Amino acid sequence: MKVTQEKLPASQIGLDIEIPAEKSQQTYDQVIQKLTRTMNVPGFRKGKVPRQILLQRLGAVQVKAAALEELIQAGITEAIKQEAIQAIGQPQLRSSFEELIAQYEPGKALHFLAAVDVQPEVNLTQYTGLQVKAEEVKYNSEKVDKLIAEQQSEMATLIPVEGRAAQLGDVAIVDFKGYLAQEGEEEPQEIAGASADDFQLELQQERFIPGFIDGIVGMQPGETKEVSAQFPEDYPQPEVAGRAAVFTVTLKELKEKELPELDDDFAQEVSEFETLEELRNSLEERFREEAERQTKANKEKALVDELVKHLEVDLPETLIEQEVNAMLTQAAVQLSQQGIDVKKLFTQESVAKLRENSRPEAIERLRSALALQEIARRESIKVEKSEVEAKAKEILTQYSNEDIDVNRLREVVEEDLLKEKITSWLEEHNTVELLPEGSLSTSESSTEDEPLEATTDVDTSDRPAPTEEIEAS
């Protein structure tokens, strides 16, 4: 079989394939024999249908199409093997199938074009001597006070309120139903999943979409009103992202919080510690470690962001699609673990939009990963099997009661350890200037994706959390 290669954009190899005349005829005859054995024609025994009758019944074009499908599939497979091409993903037919049917004559050579994705060629023009800036995160004791205050609020006793309107900090019991705001006289469109009865929420502005809490503040128990709100631009449901909405809200009950005393009894109630001092010390250590981890992450990100500026690579569509699939799968698992019905959230329309929106991040992640892999290749940075086993054993010991895929755990551990070694090597051979927190970026106020309450528990554990990849397996 004659095969000619050519390089195509997006890390593809073009294949110009010519199937010999003998193979063309042989495959055509084999297809007819298969059809003869399976086709039932009145007046003929099974397997004894004459070729001419078969062609009349099925049509010459359909028989040629069946033979062509086999010739093309077998031809591409053989061409990849013959040329020793390390293909990824599914091959693509570049010739028009309709034109091939019109041109195909059994017993004559068949010529067609195909393409396959291959691993991209990676070139790093520079990866040492880089100079970057990163924010240094320092421990802030106010975080300890804030977290304890949040848990104190969670442990509060709810006391019914009478004789006044709702105010920030209250706990309200409401019925609500949301509609997309419409222009003119169009019928309001109800928002799927944006309704509830006897819903308890704490009136805290930062925990809800903008406008929702402001509309409830000032309401009297028993009152019903329409509240205007705005879904954020980055809301995960594309059909409502950035849209104005109106919620019909009925305030059924109003309560205020009576906070418990901050003493040793409180510490024992919310943690494994005997005293409030022990709880504070544990949280202080946790936030110090968190600040160190965040500073390290900031340095790594700054280095990698600068590194990819010196990366030359043409990404194949197969890798991009695989990365997008991985991102959506991970998101679905996380949402499912939060009790969200993923089947309702991930509609055909929303998934298509999510795939489109995920492409830039997928490409960025691939470029970062390929740049780091290239450094590992050039500098012979590796992870020993003993290192992987030791770390995996440590994690399994800490999470002995959880169902963890051990093989997947080892894969994730090896990936993490290798990345850690590469980024450490990068930091040693480049310059990172640490700047005060907030000097390189402005902090964004966070809002929940849905108008539902968000709670924060006091986590006094100092063990490392398993990676998202392990939890998703």
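Ile 76 sits in helix H3 (helices are DSSP runs of H or I, at least four residues, numbered from the N terminus). This is a predicted model, so local features need pLDDT of at least 70 and side-chain atom pairs count only at pLDDT 80 or more, while totals for chains, interfaces and linings use all residues. Residues are numbered from 1 along each chain as its sequence is written, and side-chain values use heavy atoms, with hydrogens and water left out.

With a relative accessible area of 7%, Ile 76 is buried (under 20% relative accessible area, 1.4 Å probe, protein chains only). Setting aside neighbours within four places in sequence, Ile 76 is in contact with Ile 17, Pro 91, Phe 112 and Ala 114 (contact means heavy atoms within 4.5 Å). Asp 16 is 60 residues away from Ile 76 in sequence, yet their C-alpha atoms are 9.7 Å apart.

Other buried residues of H3 include Val 63, Leu 68, Leu 71, Ile 72 and Ile 80. H3 covers residues 60–82, and its end C-alpha atoms lie 32 Å apart, which agrees with the 33 Å that 23 residues should span (1.5 Å times one less than the number of residues). After H3 comes Ala 84, with a positive phi near 55 degrees.

Elsewhere, the axes of H11 (residues 348–379) and H13 (residues 406–428) come within 10 Å and cross at roughly 80 degrees (axes are lines fitted to C-alpha atoms over the stretch in contact, with angles from 0 to 180 degrees between N-to-C directions). H11 is therefore roughly perpendicular to H13 (65 to 115 degrees). Leu 372, Ile 375, Ala 376 and Glu 379 of H11 meet Lys 419, Ile 422, Trp 425 and Leu 426 of H13.

Note on methods:
Helices (H or I, at least four residues) and strands (E, at least two) are DSSP runs, numbered from the N terminus. Angles under 35 degrees count as roughly parallel, over 145 as roughly antiparallel, 65 to 115 as roughly perpendicular and the rest as oblique. Buried means under 20% relative accessible area, exposed over 50%, partly exposed in between (1.4 Å probe, protein chains only).
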